[in-house]
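Here is a short briefing to read alongside the model. Take a look at the chain first, and then we can walk through its packing and pairing.

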Amino acid sequence: MTKKKKIIGISVSIVILLFVVLNLKTSGSSDDMSVTTTDISKSDISTDIYVKGELKSKVKSEISSDLTYIVDNIFVKEGDKVKKGQKLATFDMKQLNQDIESAKLEFEIQEAQYNEKNSEERVQALEKDVENQTMDFEIAKKKYESSKSLYELGSISKDELDSDYNTYKKSENNLEKIKSDLNKAIREKNSDSDAKSLELKKLNLKQKIDDLSKSTVKSPIDGTVTAVNAKIGSIPKGAGGIFVIEDLNNLKATFDINEFDISKLHKGQEINLTTESLSDATFKGKITNIYPTARVKEGSASGKQIIIPVEVELTGSIEGLRPGLVIESKIETEKQKDALVLPYEAIYEKPDKTNCIFVVKDETLKEIPVELGIQSDLVVQVISKDIKSGDKVALNPNETFIDGMKVSTMK
C-alpha cells in the first residue's frame with residue numbers, strides 16, 4: 001500500500017466516524033422510541049359554520065279566493081309593480097247575482113213558514129177548535145147512548161142506530177185529529193230546528209252578499225307580482241294563491257343550523273352572505289330570529305338530523321339578489337388573535353378525559369396538561385402557562401408516552 005492510499009484510507013475512516021458520532025448525537029440511543037415533532041405556533045384562529053339556505057322575501061302575500069265563479073278580467077302580469085289596494089282581477093258576477101236572488105227567496109219562504117208556525121193565534125185557534133169539537137163529541141156520544149136504549153125498546157130502527165153510531169165515531173175521530181194538530185202546533189212553536197233552519201238561510205244569504213264584495217281582487221301590499229295563477233274564463237282551482245305579491249326590496253335567508261352549533265349564534269349577530277350566481281359579491285346580513293323549536297331533518301348524509309331554523313335579514317345593498325336563490329354563509333362563531341395552536345394529532349386524551357401534550361426537550365418527553373380552546377378544521381388552540389410558541393411537541397401521542405421518557409426525534 002502506498003503512502004498516498006494510506007492517507008486516503010485514514011481520511012475516509014475519519015469521515016465515517018464523524019458521521020456516526022453526529023448521527024448518534026442527533027438521533028439519540030438506538031433503544032429510544034422515535035417520535036415526530038411539530039412546533040407550537042402562534043396565529044389567529046376562528047371557528048366557522050358553513051350553511052346553505054334559500055333567499056325569500058321578507059314580506060310575501062299569496063292571494064287566494066274561495067269564490068267558485070269565472071274570472072272575467074286580469075289587470076296585471078308577472079313582474080308588474082303594484083300598490084296596496086290596486087285592482088288585480090275581477091270575477092263574472094252574473095251567476096252570483098242569481099244566487100243572491102235565490103238565497104233571498106229561500107230565506108223569505110223559510111221566514112214565512114217559521115212565523116206561521118210560531119204564531120200564537122194559530123195555537124189559540126186550534127185550542128178553540130178542540131173546545132168546539134169536544135162539545136160536538138159529547139152531544140154525539142149522548143145521542144148514540146140514547147139511541148141504543150130506544151133501539152132496545154124498538155122505538156127506532158137499526159139504520160137510525162147505525163147512523164147515530166157513525167156520527168159519534170166521526171165526531172170522536174175529528175176530536176182526536178184536532179188534538180193532534182194542536183199538540184203538533186205547540187211542538188213546532190217551541191222547535192229549535194226551525195229557528196236553526198231560518199238562521200242557516202239567513203247566513204247563506206249573508207255569505208252570498210259578502211261574496212259580492214270579493215268580486216274584485218285587490219293587492220293587500222305594495223310589491224311586485226311574482227306569480228299569476230288565474231286565467232280569464234276559468235274558475236280558480238287548488239289551494240295555492242291566484243296571485244303572489246312580494247316585496248323584493250326586503251329579503252331574508254333561512255338556514256337550518258345543527259343543534260350542536262345553535263348555542264354559538266345569537267340575535268343581532270352580523271354575518272356575510274354569498275351566492276353562486278353572483279360569485280364576486282358579498283352581502284351583509286343580521287340574525288333576526290332563532291326558532292323556538294327544533295325539527296327533525298330527513299335525508300341528510302348522516303340520516304336524521306336535529307336542526308333549528310334561523311332567519312337572517314339582509315342589510316345594505318341587495319342588488320342582483322332575488323327570492324329563490326341559494327344563499328351561503330360562513331358564520332364565524334369564535335375568534336382569538338395570537339393564539340397558541342397545534343394540530344389535533346398533537347393532543348392526547350387520557351383515560352380520565354383530560355387533555356395533555358408531550359413537549360420534547362433535550363430528547364426527553366414532558367407531559368403538560370392543556371385546555372383546548374377554539375377549534376378550527378385543522379388546528380386547535382391549546383392553553384397552558386407552561387408552553388410557548390416554538391416548543392417542540394410530539395405528534396400522535398399514545399398510552400406508551402410517559403413523562404420523562406427518553407426519545408429520539410425524527411428529522
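Contact here means heavy atoms within 4.5 Å. This is a predicted model, in which local features need pLDDT of at least 70 and side-chain atom pairs count only at pLDDT 80 or more, while totals for chains, interfaces and linings use all residues. Residues are numbered from 1 along each chain as its sequence is written, and side-chain values use heavy atoms, with hydrogens and water left out.

**Nonpolar cores**
- A nonpolar core is a set of buried (under 20% relative accessible area, 1.4 Å probe, protein chains only) Ala, Val, Leu, Ile, Met, Phe, Trp, Tyr and Cys residues joined through side-chain atoms within 4.5 Å.
- The largest core has 23 residues, and Leu88, Phe91, Val217, Phe243 and Ile245 touch the most other members.
- Two or more residues each come from strand E7 (87-91), helix H2 (94-117), helix H5 (192-213) and strand E10 (243-246), with H2 giving the most, 4 residues.
- Helices (H or I, at least four residues) and strands (E, at least two) are DSSP runs, numbered from the N terminus.
- Beyond its neighbours within four places in sequence, Leu88 is in contact with residues including Ile63, Phe75, Val217, Phe243 and Ile245.
- A separate core of 22 residues includes Leu251, Ile271, Ile308 and Val312.

**An open sheet**
- Four strands line up as E4-E10-E9-E6 in an open sheet with antiparallel pairing.
- Strand E4 (60-63) and strand E6 (81-82) are at the edges with a single partner strand each, so one side of each lacks a neighbour in the sheet.
- Strands pair if DSSP finds at least two bridges between them; E4 and E10 have 4.
- Ile63 has Phe243 in E10 as its bridge partner.

Key:
Buried means under 20% relative accessible area, exposed over 50%, partly exposed in between (1.4 Å probe, protein chains only).
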